[in-house]
Amino acid sequence: MTWSESEQEKILSLVRKHGSRPTQLLQLLRDVQAECHCVPAEAIEIVAFELKVSRTTVQGVVEFYGLLSLEQLGRFHILLSDSITDQMMGSRQLMEYLSAKLGVEPGQTRADGRVSLGFTSCTGLCDQGPAGLVNGHWLSRLNGERIDGIVALVERDVSLENWPEEFFNVDDNIQLPGLLLENPIKIGAALRQAVRNGFDEVFEEITRSGLRGRGGAGFETAWKWRYCAEGPEDANGLPFAGLTERYVVCNADEGEPGTFKDRILLNSHAHQVFEGMTVCAGVVGAKQGFLYLRGEYLRLRPQLEAVLAERRAKNLLGSHILGRQGFDFDIEIHMGAGAYVCGEESALIESLEGKRGVPRIRPPYPVVSGYQGKPTVVNNVETFFAVAAIALYGGGWFATHGTDKSKGSKIISISGDCERPGIYEYDFGVSIAEILLECGAENTQGVQVGGASGAIISGREYHRKLAYEDLASGGSFMIFDKSRDIMDVVRNFTHFFAHESCGFCTPCRVGTTLLKNEVDKICDGHSGALDLVGMTSLARFIKNASHCGLGQSAANPVLGTLSHFPDAYKARLKDVSFEPGFDLDESLEIARRMSMRDDAMAHLEQEAI
């Protein structure tokens, strides 16, 4: 099939919009999909030619990201969240209902091309689920009545801009503000203070504050900035003279299941986040910044662009910021496209460069060789939010809160079995028991701290503290009461990791699938004690041998629940030592059809031992 000139011109105009730059490949492909409801083969050819990259490079990027598709999607592409908290609220049942009403199965596009359905890992609306997306825009608080409304709108072919606003409404849902949320800064106040006192003084305040990265790993912010400011060294161990190009990146790829705090900070405090990025730029000498926004937060983009425009108009971005000669810095928004692994900083940088988000081999670290091989600071939204406050109020103000090793406060996203899910901010050192009491959780069986990649704890550990030296968390806090089957949680998380593996290394690519299959086998009641031993060994191998943090944490749900909830596994075991993980006879069905045999000798029997 040959495209018409007008169809080709549409793609060429999108290429021109993005400056024909290979680093814009992902952004360009997002626009192509929005225009064509997929990324057609013809568009791939045009894009590859115009960007002077290979066709396989373009196709590889499309295939890597969950929100891009080589197959034709519907004009209304509806995805429901399949996170564990959404499942607990009935998302699977809602999908069955939606599928029946629209006459199309999940993973399929209806014959008339109007609608397609599917699942997505998490939408960042865990406090307001069941949730979903339609053409990338949030759908909150789904129920039978709302599904009926969506079906009616789809069948009448009503464009999204004319859908009822309440379908898309998402609240901040701040239940308990603390140190930072109770003390927001005025627009430009931190920057004016920084320009007045000098950026060396700002760096000292960041050092004094003890601020650590709020993404979960907890690397000291000041040290990260220092390494970036100094840059790579020559053979004599001295910084390269004249190497001035540096970058500041805000990681807003909030993909960890159960985390939604960055959604609130970007929705209501974007000025302060961008101010923190600009302070960082002044300290390290960067002139360009990027906000890497997760694809599921598309609805936030217009207002974020408006905030950036306002800051430029106020001379808080651009050239000679606040009249300071040489203080030049601007911020560009890049959208992700549904890849959990891009939350890892080196994978995020690969994605920023328009590539598949495969984590890099480190060292070198991004602060030495990041975006385009230049020194790059990558911090998350909450970290930059805190930076702006510290720049204004001082490091001492911040450091008086928290613990000796965990200064300041932590904003957490609470979802699951509690009366008051939402956003809570606590000083570090708060106990899990206090948090459970505050949010109205009762009869709690377990708490998942830090999302799918974090740690699950049982009742005997609710005395533990939220702190880097005890329970570190990027912000997710999921609660499961005693009515829940913990194996449903394990199953959801292992499926999540198998789906989200980037495929770079064998331990993660193969191991997560094998682990998922083992968990399915246990949940379906086909496992014996020997399977449990093998699964434990496999989980430890994945944890120790994987290339990046995704693989290294992919086994945590299994290892954590085996340690804290062993009875959940024992209850599923059969009174056999081993049962095959697949039906040997069924696996020969294709061979039987090809040979046109179905006699007794063409079948095999297998027994548990």
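Q: How many aromatic pairs does the count come to?
A: In this predicted model, the count comes to 17 aromatic pairs. To count, the ring centres must lie within 6.5 Å of each other.

Q: Why is the pair of Tyr-247 and Phe-290 called stacked?
A: The ring centres of Tyr-247 and Phe-290 are 6.2 Å apart and their planes make an angle of 25 degrees.

Q: How do you know whether Tyr-247 and Phe-290 are buried or exposed?
A: Tyr-247 has a relative accessible area of 8%, and Phe-290 has 4%. Buried means under 20%, so Tyr-247 is buried and Phe-290 is buried as well.

Q: What kind of aromatic pair do Tyr-340 and Phe-497 form, and how do you know?
A: Their planes are 75 degrees apart, with 6.1 Å from centre to centre. An angle over 60 degrees counts as edge-to-face, so that is the name for this pair.

Q: Where do Tyr-340 and Phe-497 lie?
A: Tyr-340 is in the loop between β8 (330–335) and α14 (345–352), while Phe-497 is in helix α18 (residues 486–500), so this pair ties together parts that are 157 residues apart in sequence. With relative accessible areas of 14% for Tyr-340 and 1% for Phe-497, both fall under 20% and so count as buried.

Q: Which residues do ring pairs link into a cluster?
A: The cluster is made of Phe-76, Trp-163, Phe-167 and Phe-168, linked by ring pairs.

Q: How do you know that the charged end of Arg-92 is close enough to count as over the ring of Phe-119?
A: The charged end of Arg-92 is 5.1 Å from the centre of the Phe-119 ring. The distance limit is 6 Å, so this value passes. Arg-294 gives another example, with its charged end over the ring of Tyr-297 at 5.0 Å from the centre.

Q: What makes β2 and β4 edge strands?
A: Four strands form an open sheet in the order β2-β1-β3-β4, with mixed pairing. β2 (115–120) and β4 (137–139) each have a single partner strand, so one side of each has no neighbour in the sheet. From one strand to the next, the twist averages 25 degrees.

Q: How do you know that β1 and β3 pair?
A: Strand β1 (residues 76–81) and strand β3 (residues 132–134) share three bridges in the antiparallel sense. Pairing takes at least two bridges, so three are enough. Within this part, Ile-78 stands opposite Val-134 in β3.

Q: Which helix packs on this sheet?
A: Helix α6 (residues 91–102) does, touching β1 and β2, and its direction makes about 170 degrees with that of β2.

Q: Why is Thr-85 called buried?
A: Thr-85, found in helix α5 (residues 84–88), has 2% relative accessibility, and buried means under 20%, so the word applies. Leaving out residues up to four places away in sequence, Thr-85 touches Cys-126, Ser-415, Gly-416 and Met-478.

Q: Why is strand β9 described as largely enclosed?
A: Five of the five residues of β9 (residues 376–380) are buried, so the strand is largely enclosed by the rest of the structure. Both faces are covered, with Thr-376, Val-378 and Asn-380 buried on one side and Val-377 and Asn-379 on the other. β9 also pairs with β6 in the parallel sense over five bridges, and Val-377 is the bridge partner of Val-248.

Q: What makes Ile-411 count as buried?
A: Ile-411 lies in strand β10 (residues 409–416) and has 1% relative accessibility, which is under 20%, so it counts as buried. Among the residues that Ile-411 touches are Leu-181, Phe-385 and Tyr-424.

Methods
Residues are numbered from 1 along each chain as its sequence is written. This is a predicted model: local features need pLDDT of at least 70, side-chain atom pairs count only at pLDDT 80 or more; totals for chains, interfaces and linings use all residues. Side-chain values use heavy atoms; hydrogens and water are left out. Rings of Phe, Tyr and Trp (its six-membered ring) pair if their centres lie within 6.5 Å; planes under 30 degrees apart count as stacked, over 60 as edge-to-face and the rest as tilted. Buried means under 20% relative accessible area, exposed over 50%, partly exposed in between (1.4 Å probe, protein chains only). A charge sits over a ring if NZ of Lys or CZ of Arg is within 6 Å of the ring centre and within 35 degrees of the ring normal. Axes are lines fitted to C-alpha atoms, for helices over the stretch in contact, and angles run from 0 to 180 degrees between N-to-C directions. Contact means heavy atoms within 4.5 Å.
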